[in-house]
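Student: Could we go through this model together? I would like to begin with the packing of a helix.

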Amino acid sequence: MSSQEIPEENLPVEQGAAHAAVEVAEDPFADPGLPVHKPRIQDIDERAARRSERTVAFMFTLSMLATIAFIASFVTFPVDKIVYIWPFGNVSALNFSLGMTLGVALFAIGAGAVHWARTLMSDQEITDERHPIAAEPEVRAKVMADFAAGAEESGFGRRKLIRNTMFGALAMVPLAGVVLLRDLGPLPEKKLRSTLWAKGKQLINMNTNEPLRPEDVVVGSLTFAKPEGLEEDAHDFQVQIAKAALMIVRIQPDDIKDQRELEWSHEGIVAYSKICTHVGCPIGLYEQQTHHVLCPCHQSTFDLADGARVIFGPAGHPLPQLRIGVNAEGNLEALGDFDEPVGPAFWERG
Ligand code: FES
């Protein structure tokens, strides 16, 4: 038997009193309802509302000015300029100004929006009963009407100063990101369309650093070559070798199937770009029986006995061939630059 079933006169004095109290208490979970709405100063004083409007507009305008300052900083301060700023000490003028101006631009948009919502948009609390997720057409119509009413109460259409400055601030902030794209570096322009190879440039063995002679290249060997004059300690060595690196192989002239390849070779010695035409990996795996070279990155395979055509893999076109000959000293030399851009197909089509 629970205590609720025990006759009250049988309960101890204190418990009986508490039991009686429970019976008369109000429902502790009753909905207290919404507190009484208190209008804000802006709701009853048009001058206060105007002050808030000007504050919001000021924040959005500040954001626009900060964005302009961001762009100005980007083009004004050199990368290596250091300035003393208390309490940070010595800092990069460029980094500091970019961070500060972008921070102000974003903060001002946020602060303006919050101030707008807290002082000018309606703060009347309302309750709505839960309804099924799939709303009836009339409910949807009511939602749209409520949305329109909300838009009206926010003053979005009426307070044109806020609306216009907000649009201005939101439109300008992305400019900061656009300007930063400039840091990706200068455009390549025509630099990827030509290499250091030119008529008369000797082929230098990359292992010995000596000019290559035809007798150095035997059938079945693979030799890598660079243009004469390109030294490894040159400041742009990596940039130049990434375009000019050559693979040299010797093939029995009778085994060469492509007529142009034969004409551009010297006694069966052929020179091809070492840069894969898929996405530019250096090729280095040579199969001497078949004269196939394999790119280690995605397994594109080229037939060096047939114009370096692609016989397998994702590469879109053959490796460019360099026309070669022999100079008066008996060294291998280029007879010009490649007649097409080396590397990925994009540059050939661009
Ligand atoms: S880079 Fe050579 S196959 Fe992809």
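Student: Which helices do the buried residues of α3 pack against?

Tutor: In this predicted model, the buried residues of α3 pack against α4 (93–119) and α6 (160–180).

Student: And which residues of α3 are the buried ones?

Tutor: They are V56, A57, M59, F60, S63, M64, A66, T67, F70 and S73.

Student: How far does α3 reach from its first C-alpha to its last?

Tutor: Helix α3, residues 46–76, has 31 residues and reaches 44 Å. That is close to the 45 Å expected at 1.5 Å a residue.

Student: Let us change topic. What does the domain assignment give for the chain?

Tutor: The assignment gives domain 1 (1–31), domain 2 (41–184) and domain 3 (194–349). The C-alpha centres of domain 2 and domain 3 lie 58 Å apart.

Student: Which residues does the "domain: Rieske" annotation cover?

Tutor: The UniProt annotation, from an unreviewed entry, covers residues 238–333. Over that range the chain is 12% helix and 31% strand, and its end C-alpha atoms are 22 Å apart.

Student: Now the strands. In what order do the five strands of the open sheet come?

Tutor: The order is β3-β4-β5-β6-β11, with antiparallel pairing. At the edges stand β3 (203–205) and β11 (321–322), each with a single partner strand, so one side of each has no neighbour in the sheet.

Student: Over how many bridges do β3 and β4 pair?

Tutor: Strand β3 and strand β4, residues 222–227, pair over three bridges in the antiparallel sense. Within this pairing, I204 stands opposite K226 in β4.

Student: What about T208, where is its place?

Tutor: T208 lies in the loop between β3 and β4.

Student: Is T208 buried or exposed?

Tutor: T208 is exposed, because 10 other C-beta atoms lie within 10 Å, and a residue counts as exposed at 12 or fewer. The C-alpha atoms of T208 and A225 are separated by 9.8 Å, with the two residues 17 apart along the chain.

Student: One last item, the hairpin. How many residues are between β9 and β10?

Tutor: There are five residues between the two strands of that hairpin, and G307 in the turn has a positive phi of about 70°. Strand β9 (residues 301–303) and strand β10 (residues 309–312) pair in the antiparallel sense, over three bridges.

Student: Which residue in β10 is the bridge partner of D303?

Tutor: The bridge partner of D303 is R309.

Key
Residues are numbered from 1 along each chain as its sequence is written. This is a predicted model: local features need pLDDT of at least 70, side-chain atom pairs count only at pLDDT 80 or more; totals for chains, interfaces and linings use all residues. UniProt positions are given in the numbering used here, feature names are shortened, and annotations may be inferred rather than shown by experiment. Helices (H or I, at least four residues) and strands (E, at least two) are DSSP runs, numbered from the N terminus. The expected span of a helix is 1.5 Å times one less than its number of residues. A residue is buried if 20 or more other C-beta atoms lie within 10 Å of its own, exposed if 12 or fewer, and partly exposed in between; C-beta atoms are placed from the backbone. Two residues are in contact if their C-beta atoms, placed from the backbone, lie within 7 Å. Two strands pair if DSSP finds at least two bridges between them. Domain bounds come from an automatic or database domain assignment.
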